[in-house]
Amino acid sequence: MRILSAGVDVVTTASFITGHRQGPGRDRLAEACRRGGSTIFGSGISPGFIDLLAIASAGICDRVDKVTVSEAADTTFYDSPATERPVSFGAPIDRPGLPAMAAEGTAVFGEAVRMIGDALGVELDEVRCDAEFAQTTTELDLGSWTIPAGCVAGVFASWKGIVAGRTLVELTVQWRKGQTLEPDWKIDQDGWILQVDGRPTVKNVVSFAPPSDFQAETIADFMTLGHIMTAMPVINAIPAVVAAAPGIVTYNDLPLIQPHGVVPGVG
């Protein structure tokens, strides 16, 4: 709040798209922007940039019936208990309140649902999360932490934006760990599938791979790619955010983000 009130623009990858998950704190952020004449923008790869690609895909349609963004990944080697425990990884499979826990831990995807709805010019009647879980049948050693047998090692969360009783926007994530999952969810994609049902129906598959000169000896080295994809959407957006009107802004409020300065040996 103090940074924004002081007139400093902010870009963030810390689970922020529209700010709705902040509850009353969102109004305080907006007021801080007003006082300081500052702007705050949040993105990342997912949610964030990947949803911008879905919005762009809808731009060739004269009718949109539904926008779906599906993320799926085997996250066994993603060693980040600080970000994974809040979405219910490691919790007993019979723990009361697991769906609410997953909804809270993935709430930023609900913000992305709102952003897509706004891009379509639609006021959503409801934004909600449905969740399912899978357990590991044996203890799972993940490096810095373990998941005991009988605890959550698979999370599926579906954030839906509903209008007139039907789902217009749906963002899903399916994450699994280890080879002893029950039920044994199969991950038949590694990345994202973006689909706009309408006229025409548009489908995009988005994945990533290291460049030919990339050197990695450990999983931590390979995760550098994830860090790059998370950081660059907001870094590239800095000029547009600085030029934007004060307040909370999303991709809907900014011009096309241009990746200047990333071509080696040029300018």
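Visitor: Let me begin with Thr172. Which residues is Thr172 in contact with, leaving aside its neighbours within four places in sequence?
Guide: Please note that this is a predicted model. With those neighbours left aside, Thr172 touches Val69, Ser70, Glu71, Phe156, Ala157 and Ser158.

Visitor: And where is the place of Thr172?
Guide: Thr172 belongs to strand E8.

Visitor: Is Thr172 buried or exposed?
Guide: Thr172 has a relative accessible area of 9%. The limit for buried is under 20%, so Thr172 is buried.

Visitor: What is Ile147 in contact with, beyond its neighbours within four places in sequence?
Guide: The contacts of Ile147 are Phe89, Gly90, Thr136, Thr138, Glu139, Leu140, Leu142, Val152, Ala153 and Lys177.

Visitor: Back to H6. How many of its residues are buried?
Guide: Ten of the 13 residues of H6 are buried, so the helix is mostly covered. Among them are Val108, Phe109, Met115 and Ile116, and the buried set also includes Glu111.

Visitor: What do the buried residues of H6 pack against?
Guide: They pack against two helices, H3 (45-57) and H5 (98-105). They also pack against the strands E3 (63-74), E4 (126-136), E7 (152-163) and E8 (166-176).

Visitor: How far apart are the end C-alpha atoms of H6, and what should the helix span?
Guide: At 1.5 Å a residue, the 13 residues of H6 should span 18 Å. The end C-alpha atoms are 19 Å apart, which agrees.

Visitor: What comes just after H6?
Guide: Just after H6 is Gly121, which takes a positive phi of about 75 degrees.

Visitor: Changing topic: how many salt bridges are there?
Guide: The count comes to 13 salt bridges.

Visitor: Which residue forms a salt bridge with Arg199?
Guide: The partner of Arg199 is Asp62, and their closest N and O atoms are 2.7 Å apart.

Visitor: Is Asp62 buried or exposed?
Guide: Asp62 has a relative accessible area of 55%. Exposed means over 50%, so Asp62 counts as exposed.

Visitor: What about Arg34 and Glu31; where do they lie?
Guide: Both are in helix H2, three residues apart, which is about one turn of the helix. Arg34 is exposed at 58% relative accessible area, whereas Glu31 is partly exposed at 29%.

Visitor: Which residues are linked in a network of salt bridges?
Guide: The network links Lys66, Glu126, Arg128, Asp130, Lys160 and Glu170. Within it, Glu126 forms a salt bridge with Arg128, the closest N and O atoms being 3.7 Å apart. Glu126 is partly exposed, at 36% relative accessibility, and Arg128 is partly exposed too, at 33%.

Visitor: Now the surface. Which residues make the nonpolar surface patch of about 250 Å²?
Guide: Ile235, Ile238 and Val242 make that patch. Ile238 lies in helix H8, residues 224-243, and is partly exposed at 37% relative accessibility.

Visitor: And the loops: where does Ala216 lie?
Guide: Ala216 is in the loop between strand E11 (202-206) and helix H7 (219-222). Its relative accessible area is 39%, so Ala216 is partly exposed. Leaving aside neighbours within four places in sequence, Ala216 is in contact with Asp221 and Phe222.

Visitor: Last one: where is the place of Pro24?
Guide: Pro24 is in the loop between strand E1 (10-12) and helix H2 (25-36). At 62% relative accessibility, Pro24 counts as exposed. Pro24 and Tyr251 are 227 residues apart in sequence, and their C-alpha atoms are 22 Å apart in space.

Conventions: Residues are numbered from 1 along each chain as its sequence is written. This is a predicted model: local features need pLDDT of at least 70, side-chain atom pairs count only at pLDDT 80 or more; totals for chains, interfaces and linings use all residues. Side-chain values use heavy atoms; hydrogens and water are left out. Contact means heavy atoms within 4.5 Å. Helices (H or I, at least four residues) and strands (E, at least two) are DSSP runs, numbered from the N terminus. The expected span of a helix is 1.5 Å times one less than its number of residues. Buried means under 20% relative accessible area, exposed over 50%, partly exposed in between (1.4 Å probe, protein chains only). Patches are made of residues with over 30% relative accessible area and no salt bridge: like charges are joined within 9 Å, nonpolar side chains (Val, Leu, Ile, Met, Phe, Trp, Tyr) within 5 Å. Accessible areas come from the Shrake-Rupley method with a 1.4 Å probe; for residues, only the protein chains shown count as cover. A salt bridge is a side-chain nitrogen of Lys or Arg within 4 Å of a carboxyl oxygen of Asp or Glu.
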